[in-house]
Amino acid sequence: MKGLLTFITGFVILAFALFLAVITGDYGPWYFAWLVGTTMIVLISASGAAMFDRQDEELNQKGISSR
Amino acid sequence: MDMLINPTVVELSRLQFALTALYHFLFVPLTLGLTFILATMETVYVVTGKQIYKEMTQFWGKLFAINFALGVATGLTMEFEFGTNWSMYSHFVGDIFGTPLAIEGLMAFFMESTFVGVMFFGWDRMSPKAHLVVTYLVALGSNLSALWILIANGFMQDPRGGTFDPNTMRMQFTSFVGLIFNPDAQAKFVHTSIAGFVTGSMFVMAVSAYYLLTKKRRDIALRSFRLAAIFGVISTVGVITLGDALGYIDAHAQPTKLAAMEAIWETNPHTVSASWNLIAFPSRTEQKNVFEIGIPYVLTPLLTHSEDTVIPGIKNLEQDAKPHIENGIKAMIALKAYNADHNDTAALATFKQYEKDMGYGFLAKEFAPDQDLAKVNASNLPSVLDKTAKATIPNVWVEFWAFRLMVAAGFFMLVLFAFAAYYSLKNEIEKHPLFLKIALWSVPLPWIACEFGWITAENGRQPWTVYGWLPTFVSASSHSVSYMIFSLIGFVLLYSTFIAAELYLMFKYARLGPQESHHHGEEPAAGGGMAGKPAFAKSSMNRS
Ligand code: HEM
């Protein structure tokens with residue numbers, strides 16, 4: 001149940017971000033947005049991967065992980 | 001200008017270009033996205049020092065290499081096609097259009113291709129940090145390549161930065177900055193580049209899902225899945241945002257494209273309650289949708305980001321075009337007179353008066369008796385106006401559905417990536433084999449979206465090669481039909497071989513999966529340190 005709520009909250013935030021981006025975006029400075037956006041995507045997904053290793057280590061300590 | 005144009009040759013030239021472009025774009029988006037995903041994986045390796053990320057970068061790099069090699073081969077032919085099949089187009093806009101293409105070739109493509117070699121063969125020859133810089137340069141280079149091509153395409157959609165010179169009979173540069181910062185080019189670049197990110201993410205996620213389902217290299221698969229899911233979810237939000245911006249820009253620059261994309265036949269003055277067509281079966285002959293499911297109150301804010309902007313329907317746009325066509329015919333006749341005698345200042349003055357509509361005069365050529373505008377007279381004018389006005393509207397059916405399919409794929413992928421990121425962040429992705437199967441089988445979606453995206457962009461621009469200035473009908477070279485059929489068959493055979501080679505190699509190496517060498521305590525070798533050999537040429541063994 002908690003998981004579902006987290007997912008719904010996450011998805012609502014995503015939909016809201018999309019909504020904001022859509023109503024504000026028309027003749028935007030898109031080249032600049034690309035530079036900022038690409039950097040952001042790279043950094044967030046890199047931290048997502050790094051977080052995987054932390055979670056994995058935690059599980060390892062508990063002796064559950066098989067990775 | 002006075003030679004009779006054979007419509008079959010024009011249609012065959014269009015078909016050939018469409019096919020080569022669609023083939024080429026099967027390879028491009030993966031290059032655009034996978035390079036940045038490789039750079040991200042390598043960043044984690046350099047920052048954390050964990051070997052597994054190096055191995056991941058090398059494994060996915062191997063699949064990237066296959067795609068890159070074949071992508072380059074299909075791209076080069078297209079640049080030549082402008083000269084061979086579209087010589088009138090090249091003559092008319094070559095000064096402007098040629099510039100970004102040349103910059104692409106000299107700067108971005110050289111950068112990308114030089115560093116791609118260093119990226120594959122440089123693992124053991126430079127420090128990890130230096131190698132990471134190289135990987136970023138490859139990613140940047142391939143996206144810069146796309147940038148210049150899309151600036152060129154942006155000019156075709158919304159010609160800015162150039163003007164027509166009646167003395168040379170070509171369009172000439174007025175502003176380089178105008179060309180580069182064209183709003184259409186800006187949004188188009190970001191939409192396309194990020195569409196590539198979505199493609200790269202889906203590819204990595206789907207192949208990782210396959211490894212998880214078949215229990216192959218879970219260490220690599222789980223990490224790749226995580227990274228791709230997050231990369232994908234943010235990129236999909238980006239692609240949708242930019243898609244909306246592109247639609248908004250189209251609404252201003254290309255009203256005929258917008259009306260076709262949304263199958264709007266009538267202008268609805270009640271902007272607030274106007275319906276947006278979720279589904280429609282447009283009929284060209286009946287000038288209406290024979291079936292439609294609309295959602296009221298959505299159309300105006302969605303397309304114009306306002307409540308009160310009126311969106312002109314197709315029937316209105318056709319009527320609006322008629323005065324432009326009439327003026328355009330006058331402009332073309334005056335231009336011809338001025339060309340015969342450069343001292344004819346009266347002709348030049350008439351041309352200048354109607355210059356902004358000259359494209360419509362060009363367009364009327366196809367429907368004038370013997371394709372000669374001088375033969376348009378009071379009695380045949382209404383029929384020429386009628387036919388030309390109808391020709392200003394692109395194929396509505398194709399436009400409406402190509403756009404719908406791209407958008408549907410976009411929203412489906414958004415939900416898919418959101419679930420994927422969620423399950424992965426909770427470390428429970430393996431508990432959902434059905435979801436993994438869906439992720440695996442969704443792999444073609446970004447390619448489908450990209451292909452339909454290009455159909456939306458290019459079919460929607462018809463009947464123009466350069467919107468409002470140069471019709472497609474007068475842009476082609478005067479080849480013979482047999483030559484066109486012969487070269488078309490040649491291209492289809494050659495490119496089909498490329499696709500077959502790509503699919504064969506991709507399936508083969510993706511199925512084999514990453515090597516397990518580091519599990520035996522060896523230095524991970526996949527894709528790297530093989531001087532003189534392509535990374536993917538090595539044998540790859542796999543344990544599950
Ligand atoms: C809600 C989602 C989307 C919207 C509103 C949207 C909108 C658009 C529009 C309006 C065009 C035509 C551009 C023009 O007229 O020049 C276009 C083209 C294109 N779209 Fe989309 N799109 C969406 C999703 C996607 C997705 C998911 C992909 C691929 C992963 C994609 C890939 C492309 C490509 C490759 C083109 C052709 C190049 C270009 O014109 O940028 N689109 N899109």
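Biologist: Where is the place of S478(B)?

Modeller: This is a predicted model, in which local features need pLDDT of at least 70, side-chain atom pairs count only at pLDDT 80 or more, and totals for chains, interfaces and linings use all residues. Residues are numbered from 1 along each chain as its sequence is written, chains are lettered from A and ligands numbered from 1 in the order in which they are written, and side-chain values use heavy atoms, with hydrogens and water left out. Helices (H or I, at least four residues) and strands (E, at least two) are DSSP runs, numbered from the N terminus. S478(B) is placed in the loop between β6 (470-471) and α17 (481-512) of chain B.

Biologist: Is S478(B) buried or exposed?

Modeller: Buried means under 20% relative accessible area, exposed over 50%, and partly exposed in between, with a 1.4 Å probe and protein chains only. S478(B) is exposed because its relative accessible area is 59%. From C-alpha to C-alpha, S478(B) and N85(B) are 8.0 Å apart in space, and they are 393 residues apart in sequence.

Biologist: What does the secondary structure of chain A come to?

Modeller: Chain A has two helices and zero strands. Of its 67 residues, 33% are buried. Accessible areas come from the Shrake-Rupley method with a 1.4 Å probe, and for residues only the protein chains shown count as cover. The accessible surface of chain A is about 4300 Å², with 75% of that belonging to carbon and sulfur atoms.

Biologist: Which residues make the nonpolar surface patch?

Modeller: Patches are made of residues with over 30% relative accessible area and no salt bridge; like charges are joined within 9 Å, and nonpolar side chains (Val, Leu, Ile, Met, Phe, Trp, Tyr) within 5 Å. A salt bridge is a side-chain nitrogen of Lys or Arg within 4 Å of a carboxyl oxygen of Asp or Glu. Here L278(B), F281(B), V290(B), F291(B), I293(B), I295(B) and W397(B) make a nonpolar patch of about 610 Å². Two or more residues come from each of β3 (276-283) and β4 (288-295) of chain B, and β4(B) gives the most, with four residues. V290(B) is found in that strand, β4 of chain B, and counts as partly exposed because its relative accessibility is 48%.

Biologist: What volume does the largest pocket have?

Modeller: On a 1 Å grid over the protein atoms alone, a cavity is a set of points where a 1.4 Å probe fits but cannot get out, and a pocket is an open set with protein on both sides within 12 Å along at least five of seven lines; lining residues have an atom within 4 Å of a point. Grid points are joined across faces, edges and corners, and a volume is the space filled by probe spheres set on the points. The largest pocket has a volume of about 1300 Å³. Of its 48 lining residues, F17(B), A21(B), H24(B), M78(B) and W454(B) are the closest to the centre. The largest share of the lining, 13 residues, comes from α1(B).

Biologist: How is the lining of the largest pocket divided by class?

Modeller: Ala, Val, Leu, Ile, Met, Phe, Trp, Tyr, Cys and Pro count as nonpolar, Asp, Glu, Lys and Arg as charged, and the others, Gly among them, as polar. The lining of the largest pocket has 28 nonpolar, 14 polar and six charged residues.

Biologist: Which residues are the closest to the centre of the second largest pocket?

Modeller: This pocket holds about 1200 Å³ of space. Of the 49 residues that line the second largest pocket, the closest to its centre are I240(B), G243(B), D244(B), F403(B) and V407(B). The elements that each supply at least two lining residues include α1 (2-24) of chain A and α7 (218-253) of chain B, while α14(B) gives the largest share, 10 residues. By class, this lining has 32 nonpolar, 10 polar and seven charged residues.

Biologist: How many cavities of 30 Å³ or more does the rule count?

Modeller: The count comes to two. The second largest cavity has a volume of about 50 Å³, and its lining divides into five nonpolar, four polar and one charged residue. Among the lining residues are I264(B), E266(B) and N268(B).

Biologist: Which backbone angles deserve a look?

Modeller: Most residues other than glycine have a negative phi, and most peptide bonds are trans. Y297(B), which is not a glycine, has a positive phi of about 75 degrees; Y297(B) lies in the loop between β4 and α9 of chain B. A cis peptide bond, with omega about 10 degrees, joins Q462(B) and P463(B).
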